[in-house]
Amino acid sequence: MPMFPEAWMDELLQKTDLVSLVSEYVVLSPKSGRLWGCCPFHNEKTPSFSVQPDKQMYYCFGCHAGGGAIQFVREVERLGFVDAVKFLAQRAGMDLPDEVDDDKLRRERQHKERLYMACKEAAVFYHKQLLTKEAAEAQQYLTRRGVDGKLAARFGLGLAFDTWDGLTNHLTAKGFSKNELIDAGLAIRSKNKEGCYDAYRNRIVFPIIATTGRVIGFGARTMKKDEQPKYINTGDTPIYNKRNNLYALNMQKGKHPQDLVMVEGYMDVISLFGAGVDNAVASLGTALTAQQAKLLKRYVERVYICYDGDAAGQNATLRGLDILAAEGIDVKVITIPGDADPDDYIRQNGRDAFLKLKDNANTLNGFKLNHIASQFDLHSADGRENFAKKACAFVGSLEPVERERYAPLVARKAGLSLDAVKAQCGLAKPMEANNAVKKRNTINKKREAKDTEPDRIEQMLLHAMQSSREGAAYTAERMADAELVFLSPGFAGYADALLVAFLAEETPDLSRLVAELPEDQAEAAARVMMEDPITGDVKPLVDDCINKLMHNRVNERLKELAVGMNTPGADRAALLKEHAALIQKLKQFK
């Protein structure tokens, strides 16, 4: 992984208070000198997630997640090391260093800064054009759509005139190269490969603004009724990927909404805001993605999907439901009557009517059942029977409480008795794929295995190694003499990192050391750092741990020999001889 300068990393870690960071995701309460809360990485009711302010470390005694600020951000935001450092740097108000060891990373950063600046200048340029006398047609179009000047300014709407190079000439005059405009998605390379022309012409322009407040891309809508495509959107660029962003999510910065309404288009969002529903966001010309679901999870626990009522919108809703549920988001579906879209509905019926639809929103599984019902003719006996079979298979895959809730709905639609439906649901085989939240927690459940005795002994040896340079050297020496190694890969990696650190300096900065460790090694470090520091001579503790590990190893070999002696064709005499020798060796440990 690219490394950042040590002095800069030290400053970043000093400016990052782990308690403040974790508190943005977890409610912490003091107890016994530590702070406790429910773990954000696995489901639990009793808090087992602990933060030690003095050591700037966290550790979960339930799922064993642990580390420092960088590990926390990596896991909670699903980021790589470099992106996690960037996340914390932005949070701390620090610029990334120019002198990173990775020259490529530095060049990429400089190029991205130029693209950000170009997009910002383009947004200002388009917005100023919308305010001119020559933009009367566009202004009238927006007025007809219910967008006044104040709302247009709030979203930074603009206008691209019907010219080939208006923006290109404006930005090149400001010092931007044509390649920078092409890389930012603002211009398109000419066929002769030498020039370029504006990407948007004669369209209303919607700036796409990241949660950081930076303009990263644009959407552009035609004002002509029959022109296709209706929308042109910025493609993937070094600073913009539609799968990783949501339109208008930046409007939620500093707020604490109870939920968010997910719609399809720019105008849906703007119309909802104009009517007073100011917690709407939109996907960006793409079906909802897992990355967008993770982004939503940072802000709310509940999302209302409100896509268009046509077939395409309903299919998009179905895809979005499982993606959101897989992130543990409570998802509901707002159904717009008459196959209308949210933009038209709220402009015709107003805020209160829309909020009433929201209050009556369907659950994830309720919507799926209604969708199943729409595929059959419920006026015919065959249609009702086929619906009942498919619906019962679905309901049978749910949790028992949910089966109880939805079985009556299936019975009413199918015209069957509740007993018949319940019997059919009970026969249906569980379909793991329908329980998205259970799938999400699979990794966490694997982490919840209890510590074994060898794990605890190895942890004590790491504790001794961490105490001092002498402790690290003595532990490594005794383990080598006994031909023992750490069985846990995380423990082994952290032990190696400690040895290297103590070789480099007498008292290494353990916070910086942990910040750059892989996940499993950081968790091992966090487990050790949760314990009180060892004082005094660590040698007796190390010797005792080594003896226990050797004792365990002998016992394991004795079990293998017992199995071997009962195996046909085994050399029982040789096995018995080894068995007797190991029994004598055990007496030494006692």
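This is a predicted model: local features need pLDDT of at least 70, side-chain atom pairs count only at pLDDT 80 or more; totals for chains, interfaces and linings use all residues.
Residues are numbered from 1 along each chain as its sequence is written, and side-chain values use heavy atoms, with hydrogens and water left out.

Let me go back to the strands. Helices (H or I, at least four residues) and strands (E, at least two) are DSSP runs numbered from the N terminus, and two strands pair if DSSP finds at least two bridges between them. Strand 2 (residues 34-37) is joined by 3 bridges to strand 1 (residues 29-31), antiparallel, and 3 bridges also join strand 2 to strand 3 (residues 49-52), again antiparallel. Strands 1 and 2 make a hairpin with 2 residues between them, and Ser32 in the turn has a positive phi of about 55 degrees.

Now to the open sheet, whose 4 strands come in the order 6-9-10-11 with antiparallel pairing. Its edges are strand 6 (158-160) and strand 11 (231-233), each of which pairs on one side only. Neighbouring strands are turned by 30 degrees against each other on average, direction ignored; the axes behind such angles are lines fitted to C-alpha atoms, for helices over the stretch in contact, and angles run from 0 to 180 degrees between N-to-C directions. Strand 6 and strand 9 (residues 203-209) are joined by 3 bridges, and Ala160 stands opposite Arg203 in strand 9. Helix 6 (residues 136-144) packs on this sheet, touching strand 6, strand 9 and strand 10 (215-222), at about 70 degrees to the direction of strand 9, where contact means heavy atoms within 4.5 Å.

Helix 10 (residues 266-274) lies across strands 9, 10 and 11, running at about 80 degrees to strand 9. Of its 9 residues, 8 are buried, that is, under 20% relative accessible area, with exposed meaning over 50% and partly exposed in between (1.4 Å probe, protein chains only). Among the buried residues of helix 10 are Tyr266 and Phe273, and these two also belong to a cluster that ring pairs build together with Phe155, Phe206, Tyr231 and Tyr247. Rings of Phe, Tyr and Trp (its six-membered ring) pair if their centres lie within 6.5 Å, with planes under 30 degrees apart counted as stacked, over 60 as edge-to-face and the rest as tilted; by this rule there are 19 aromatic pairs. After helix 10 comes Gly276, with a positive phi near 105 degrees.

Helix 10 also takes part in covering the buried residues of helix 13, as do strand 12 (260-263) and helix 14 (351-359). In helix 13 (residues 342-349), the buried residues are Pro342, Asp343, Tyr345 and Ile346, and just after this helix Gly350 has a positive phi of about 90 degrees.

Lastly, the cysteines. The structure holds 0 disulfides, a disulfide being a pair of cysteine sulfur atoms within 2.5 Å. Cys38 is partly exposed, at 32% relative accessible area, whereas Cys306 is buried at 0%.
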